[in-house]
Amino acid sequence: ADAPIAYHFPWLFQLVRVPRYFLHDFCHRSRSKLSIATDTPALFVGGAGTTSPLHVDQMCSNFWMALFDGAKLWTCFHPDDAHLLSPSFDEPEQIDRFPPLERLEALPQA
């Protein structure tokens with residue numbers, strides 16, 4: 001689940017401080033108030049085996065990730081290399097999505 005902290009868990013701001021760097025992304029610095037600005041920071045909660053496909057977040061926003069229990073594998077890439085990952089734009093979600101890593105890893109090396 002993706003739950004904006006300000007809406008669902010405002011008391012968390014008394015316990016956890018988001019690093020300053022992540023509070024000043026494009027969503028929060030634009031002259032026009034963006035609808036997704038109030039959606040961050042958000043709390044993502046998932047059970048065992050939960051996954052998320054490779055993607056670039058809305059507005060190329062910054063995310064501060066903290067893992068409190070279990071294990072997670074993140075895949076990071078340089079923005080200049082995104083085109084090499086065959087992105088497709090998801091219009092309803094307004095994000096770039098990429099094929100599954102298994103398919104990308106099977107491609108011939110350049």
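Predicted model: local features only at pLDDT ≥ 70, side-chain atom pairs only at ≥ 80, totals over all residues.

Colleague: Why is serine 86 called partly exposed?

Modeller: Its relative accessible area is 42%. Buried means under 20% and exposed means over 50%, so 42% falls in between and serine 86 counts as partly exposed.

Colleague: What share of the protein chain is buried?

Modeller: Of the 110 residues in the protein chain, 18% are buried. The chain exposes about 9,100 Å², and carbon and sulfur atoms supply 57% of that area.

Colleague: Which elements make up the protein chain, and in what order do they run?

Modeller: There are three helices and five strands, and from the N terminus the order is β-α-α-β-β-β-β-α. Among contacts between residues at least 6 apart in sequence, 58% join residues at least 24 apart.

Colleague: What is the volume of the second largest pocket, and which residues are closest to its centre?

Modeller: The volume is about 380 Å³. Of the 14 lining residues, Asp81, Leu84, Leu85, Leu104 and Gln109 are the closest to the centre.

Colleague: How does the lining of that pocket divide by residue type?

Modeller: The lining has ten nonpolar, two polar and two charged residues. Leu counts as nonpolar and Asp as charged, so Leu84 belongs with the nonpolar residues and Asp81 with the charged ones.

Notes. Residues numbered from 1 in each chain as written. Heavy atoms only, no water. Helix = DSSP H or I, 4+ residues; strand = E, 2+ residues; numbered from the N terminus. Buried < 20%, exposed > 50% of the residue type's maximum accessible area, 1.4 Å probe, protein only. Contact = heavy atoms within 4.5 Å. Areas by Shrake-Rupley, 256 points an atom, 1.4 Å probe, with all protein chains shown as cover. 1 Å grid on protein atoms, 1.4 Å probe; cavity = no way out; pocket = protein on both sides within 12 Å on 5 of 7 lines; lining within 4 Å. Points joined across faces, edges and corners; volume = space filled by probe spheres on them.
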